[in-house]
Amino acid sequence: MYVHRPAGERGKSDLGWLQSRFTFSFADYFDPQHMGFGPLRVINDDHVAAGAGFPLHPHRNMEIITYVLKGALEHKDSMGNGSIIYPHDVQRMSAGKGVRHSEFNPSSEEEVHLLQIWIEPDAAGYPPSYEQKRFPAEEKLGKFRLIASPTGQDGSVTIHQNAFVSAAILTKEHRAASYSVSEGRALWVHVATGTVSSLGMVLEAGDGLAILEEYLVSFETEEQVEILIFDLPVQS
């Protein structure tokens with residue numbers, strides 16, 4: 001069983017310097033039918049103009065993953081961390097008891113395209129923490145590479161939730177990839193870039209797909225595609 005969430009049906013915001021599309025309810029966009037998927041609460045597809053960004057602001061009790069698709073994003077936070085996130089980097093910030101951070105596009109010419117992902121933690125009040133790791137493109141070609149997990153297995157970043165996030169890149173030379181679903185789990189698929197076929201349908205960039213009761217999901221394409229999969233506990 002699956003439910004398709006077309007990109008064009010997502011919420012949207014245009015602040016001039018920031019163009020956003022919201023898979024789930026966020027800020028001024030509210031849709032009671034799309035409040036999240038299990039502990040997956042936010043997938044924001046953001047385009048930030050050159051030299052612009054988010055000034056210092058607070059978060060609490062959320063696992064925040066930043067995934068840059070194009071350009072670069074500069075991060076600073078109240079824990080003393082400072083870094084620049086590039087494509088193939090994954091940044092994880094556990095807001096826990098509370099943290100403040102800013103994110104800016106350091107380029108004077110190029111916009112940055114990123115996904116900001118929020119996953120609800122399994123408990124409130126964790127100490128805030130930060131992690132950033134690089135997952136080279138070749139590790140994702142034609143296969144799903146684990147990038148976030150509750151235990152940090154296979155070198156993934158660690159999140160406080162029974163959730164596993166994987167990413168794949170498909171090309172003309174690496175046209176297909178599959179993902180096995182364990183019993184008692186559900187998947188949310190997010191097509192970050194490109195067009196891909198799966199479960200007898202064509203999925204476009206920005207599309208989402210909720211998958212239940214499928215034990216092997218395959219994806220095929222003839223172009224450059226980047227896909228994220230969120231492997232989540234089935235909600236009772």
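This is a predicted model: local features need pLDDT of at least 70, side-chain atom pairs count only at pLDDT 80 or more; totals for chains, interfaces and linings use all residues.
Is glutamate 222 buried or exposed?

1. Glutamate 222 has a relative accessible area of 57%, so it counts as exposed, since the cut-off for exposed is over 50%. Its side chain forms a salt bridge with arginine 175, with the closest N and O atoms 3.5 Å apart. Glutamate 222 sits in the loop between strand S21 and S22, and arginine 175 in the loop between S15 and strand S16, so the pair ties together parts that are 47 residues apart in sequence.

2. Now look at another pair. Aspartate 231 and arginine 185 meet in a salt bridge of 2.7 Å, N to O. Aspartate 231 belongs to strand S22 and arginine 185 to strand S17, so this pair ties together parts 46 residues apart in sequence. Both residues are buried. The whole structure holds 7 salt bridges.

3. Next comes the open sheet. Its 7 strands follow the order S2-S3-S4-S11-S6-S9-S12, with antiparallel pairing. Strands S2 and S12 stand at the edges with a single partner strand each, so one side of each has no neighbour in the sheet. Within the sheet, 8 bridges join S4 to S11, and aspartate 45 has leucine 115 in S11 as its bridge partner.

4. Finally, turn to the nonpolar residues. The largest nonpolar core has 26 residues, and Ile65 and Trp188 are among those with the most contacts inside it. A second, separate core of 19 residues includes Leu187 and Phe219.

Note on methods:
Residues are numbered from 1 along each chain as its sequence is written. Side-chain values use heavy atoms; hydrogens and water are left out. A nonpolar core is a set of buried Ala, Val, Leu, Ile, Met, Phe, Trp, Tyr and Cys residues joined through side-chain atoms within 4.5 Å. Buried means under 20% relative accessible area, exposed over 50%, partly exposed in between (1.4 Å probe, protein chains only). Two strands pair if DSSP finds at least two bridges between them. Helices (H or I, at least four residues) and strands (E, at least two) are DSSP runs, numbered from the N terminus. A salt bridge is a side-chain nitrogen of Lys or Arg within 4 Å of a carboxyl oxygen of Asp or Glu.
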